[in-house]
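Good morning, colleagues. Please turn to the sequence and the structure on the screen, and I shall take you through them step by step.

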Amino acid sequence: MTRQAGVLPGEAAHDALAARAEIVAMTQATHDAALKPRHPGGLSHAERAALASRIARLNADPALAEHYDALMREASASAEVERIADPAFKGSGRIAALIAYTDLASTRPKDAGPGDIDALKQAGIGDADIVRLAELNAFLAYQIRLIAGLKLMREQG
């Protein structure tokens, strides 16, 4: 997390995180649960990383996108799954539904409603995977805001 924010040891932001080691550990555990769970259900590790990379790009965070691109490579993502990370890619079928929900939840969450969940279900995405997708989006929202705060701390010295 500090690497994605460009925070180095000895800086105020790094020291602030070190003093909150429990929060950092819980954040890492949540990252791992959202991106690399033991039982990924219908959202593979590669798809999760691609969606996370897309969210990072939609939020103009290239360092975070690179982190998730590395996780995609680690998960041996197919060329089609890698395309999910590109905000210009819209996909079709199941992938299009995952992308549409992710784009909405990560850029205009207050506009999401029951119809968006229905669209996921109509694309064949089950309830458990809808929850997994929502958890992934929620974690990325938290992570992006945390990193933005760390970057501000770093800039202010």
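Two remarks on the source are in order. This is a predicted model, in which local features need pLDDT of at least 70 and side-chain atom pairs count only at pLDDT 80 or more, while totals for chains, interfaces and linings use all residues. Residues are numbered from 1 along each chain as its sequence is written, and side-chain values use heavy atoms, with hydrogens and water left out.

Let me begin with the overall fold. The protein chain has nine helices and zero strands; these elements are DSSP runs numbered from the N terminus, helices being H or I of at least four residues and strands E of at least two. Of the 157 residues in the chain, 38% are buried. Buried means under 20% relative accessible area, exposed means over 50%, and partly exposed lies in between, with a 1.4 Å probe and protein chains only. Among contacts between residues at least 6 apart in sequence, 67% join residues at least 24 apart, where contact means heavy atoms within 4.5 Å.

I turn now to one helix pair. Two packed helices are described by the angle between their axes and the distance between the axes. The axes of helix 3 (residues 21-35) and helix 9 (residues 127-156) come within 10 Å and cross at roughly 140°. Those axes are lines fitted to C-alpha atoms, for helices over the stretch in contact, and angles run from 0 to 180 degrees between N-to-C directions. On the side of helix 3, the contact includes Ile 23, Thr 27 and His 31; on the side of helix 9, Phe 139 and Tyr 142 are among the residues that make it. The contact residues divide into seven nonpolar, four polar and no charged. Here Ala, Val, Leu, Ile, Met, Phe, Trp, Tyr, Cys and Pro count as nonpolar, Asp, Glu, Lys and Arg as charged, and the others, Gly among them, as polar.

Phe 139 is buried, at 3% relative accessible area, whereas Tyr 142 is partly exposed at 35%.

Which residues does Ala 52 contact, leaving aside its neighbours within four places in sequence? They are Leu 35, Tyr 68 and Leu 140. Ala 52 lies in helix 4 and is buried, with a relative accessible area of 0%.

Finally, two loop residues. Most residues other than glycine have a negative phi. Ala 60, in the loop between helix 4 and helix 5 (62-74), has a positive phi near 55° and is exposed at 66%. Ser 76, in the loop between helix 5 and helix 6 (79-83), also has a positive phi, of about 55°, and is exposed at 63%.
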